[in-house]
Amino acid sequence: MVRTLRQQEELPLLRDHLLRLDAESRRDRFHGFLDDSFIERYAAKCADDGTVIIAYIQDGVVRGAAELHPPDESTGAVPEVAFSVEASVRRQGVGSILFRKLIAEARSRGYRSLRVTTGAQNRAMRALAGKFGAHLTFRHGESTGTIDLTPQPQPELESVRPETGRLAIATPFDAAHAMTSLNRAYWKWLLQMYGWGRTA
């Protein structure tokens, strides 16, 4: 189950999830900060600063979390995202599910882009971010990048692709319309061929 955590009431769920991360996962998630006290302070901060936590919950326990941190007050600041998935549920698509939910939440709040920061050695996170359009650069041992949330223009539907001679269909409606047009053209040609469509 995936849902958004209520901040103060469900703070322990996020905190306990982060504390369960193994040493390598902690290093990837927090860029080298490993001690429990840091994680406890971090979880408490998330409960107070407006961070949105979208959690993957299994048997009442948070096993994965996507964090949407609001932008600071500086001009041009961009909201930042972070992800953590416990080893027991990796390679099951949890990260992708959380990423999609988080992007939908960010768009609903009117955000136009998101910032992603992860350790340079965190290949799984880099691959996941790339899957959703992040262009990452490396600097000082970490990867940073942004994800554009603005709608992208869709190419216009072409009736025929020149390189293949095939119809280019974008939607079921377009497909039905194209088939109707094709049938109409065929019957018009057939009637003209046999002279049935000629007027007296």
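A residue is buried when its relative accessible area is under 20%, exposed when over 50%, and partly exposed in between, with a 1.4 Å probe and protein chains only. The model is predicted: local features need pLDDT of at least 70, side-chain atom pairs count only at pLDDT 80 or more, and totals for chains, interfaces and linings use all residues. Residues are numbered from 1 along each chain as its sequence is written, and side-chain values use heavy atoms, with hydrogens and water left out.

**Exercise 1.** Determine which residues of helix α1 are buried and what covers them.

*Solution.* Helices (H or I, at least four residues) and strands (E, at least two) are DSSP runs, numbered from the N terminus. Helix α1 spans residues 11-20, and its buried residues are L11, L14, H17 and L18. These residues lie on the same side of α1 because they cover an arc of only 140 degrees around the axis, the arc being that of the directions from the helix axis to the C-beta atoms. Contact means heavy atoms within 4.5 Å. The cover over the buried residues of α1 includes the helices α2 (23-30) and α3 (36-48), together with β2 (52-58), β3 (61-69) and β4 (80-85).

**Exercise 2.** Describe the setting of T51 and the polar contacts of its side chain.

*Solution.* T51 is located in the loop between α3 and β2. Its relative accessibility is 1%, so T51 counts as buried. A polar contact is a pair of N or O atoms within 3.5 Å; within protein, one must be able to donate a hydrogen and the other to accept it, and residues adjacent in sequence count only if both atoms are side-chain atoms. The T51 side chain makes such contacts with the side chain of D49 at 2.6 Å and with that of H69 at 3.0 Å.

**Exercise 3.** State how many aromatic pairs the whole structure holds, and classify F30 with Y42 and F83 with F99.

*Solution.* Rings of Phe, Tyr and Trp (its six-membered ring) pair if their centres lie within 6.5 Å; planes under 30 degrees apart count as stacked, over 60 as edge-to-face and the rest as tilted. The search finds 3 aromatic pairs. For F30 and Y42, the centres are 5.1 Å apart and the planes at 80 degrees, so the pair is edge-to-face. F30 belongs to helix α2 and Y42 to helix α3, so this pair ties together parts 12 residues apart in sequence. Both F30 and Y42 are buried.

For F83 and F99, the centres are 4.4 Å apart and the planes at 25 degrees, so the pair is stacked. This pair links distant parts of the chain, with F83 in strand β4 and F99 in helix α4 (residues 94-108), 16 residues apart. F83 and F99 are both buried.
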